[in-house]
Amino acid sequence: MVDEVLARSFERIGAEYDRYRPGFPPGAVELIAPDRVGAILDLGAGTGKFTELLTDRAERVVAVEPSEAMLGVLRAKLTTVEALLGSAESIPVADAAVDVVSVAQAFHWFDRIPACAEIARVLKPGGLLGLIWNHSDPACGWDRAAHRIAHPAVGESDGTTTSAADELPGFDHLGATRLRWTERIGRADYLKRWSTVSTFLVAGDDERNAMIAEIESVMDSDPETQGREAFDLPIVTDVFVYRRA
Ligand SMILES: C[S@@+](CC[C@H](N)C(=O)[O-])C[C@H]1O[C@@H](n2cnc3c(N)ncnc32)[C@H](O)[C@@H]1O
């Protein structure tokens, strides 16, 4: 069940999200749009961090996003993209209009059954759906510790579980691929990144400050981050590809 308060937390930010959140490896795009196509829809596009990798992959790139604040940043940044206010459960795009739908870091916020019906409606027959998530690398102790502070509900899982499923109504699952990459990031930017995460956005000032202090103390005690201004952050990107049945 989707937590509506967390799902709507992105109405509060835009520029900070775009500045501090990680991007995506180009290999993720290769998996869902290996050849240039007529039209791609990026759903739950946010500020366009995944959309920006799609602009040379289609004649027409459409971004749909429910937060005006996020969409405003996308519009300013990606002037050739058709940016539309809307949601996965009510996509403002005609039937069978796109070859590919991408959903980066957002499918877990969707009401899955109506969203799948809407995605199937806007896809051409045989069109592809790609679900993409960045995760912390389970081998990176300090980043995993920070994730446990930010997402206590995830607990001791390896942090790479997602809301993707082998079976989605109206789709055939073609496969899943895991990409590994590393981002060089400054300590201050790493801490700012946490302030753009849903649990921090909905927290009160005291709770948010306490979570940031806990993450700082992890960084002050882990040998890989202790006393450093910048470090290498390993990131795991999972890509799940489906075909419209
Ligand atoms: C973590 S952000 C990811 C944004 C962007 N795709 C990226 O990877 O940077 C999740 C996005 O999903 C959007 N979202 C939440 N509920 C949604 C829904 N029901 N339909 C479409 N987008 C939704 C949020 O507004 C937010 O922009």
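What percentage of the 245 residues of the protein chain count as buried? The answer is 38%, where buried means that 20 or more other C-beta atoms, placed from the backbone, lie within 10 Å of a residue's own. Before selecting anything, note that this is a predicted model: local features need pLDDT of at least 70, side-chain atom pairs count only at pLDDT 80 or more, and totals for chains, interfaces and linings use all residues. Residues are numbered from 1 along each chain as its sequence is written.

Show the cartoon next. You will find nine helices and seven strands, which are DSSP runs (helices H or I, at least four residues; strands E, at least two) numbered from the N terminus.

Now select the largest nonpolar core, which has 55 residues. Such a core is a set of buried Ala, Val, Leu, Ile, Met, Phe, Trp, Tyr and Cys residues joined through C-beta atoms within 7 Å. Leu-41, Leu-43, Leu-74, Val-98, Val-101 and Ile-132 touch the most other members. Elements giving two or more residues to this core include β1 (37-43), α4 (68-77), β4 (98-104) and β5 (123-136). Of these, β5 gives the most, with six residues.

Zoom in on Ile-132. Leaving out residues up to four places away in sequence, Ile-132 touches Phe-24, Ala-28, Phe-50, Ser-102, Val-103, Ala-104, Gln-105, Thr-237 and Val-239; contact here means C-beta atoms, placed from the backbone, within 7 Å.

For the last stop, select Cys-140, Trp-142, Met-211 and Met-219, which are among the eight residues of a second, separate core.

Technical notes. Buried ≥ 20, exposed ≤ 12 C-beta atoms within 10 Å, placed from the backbone. Contact = placed C-beta atoms within 7 Å.
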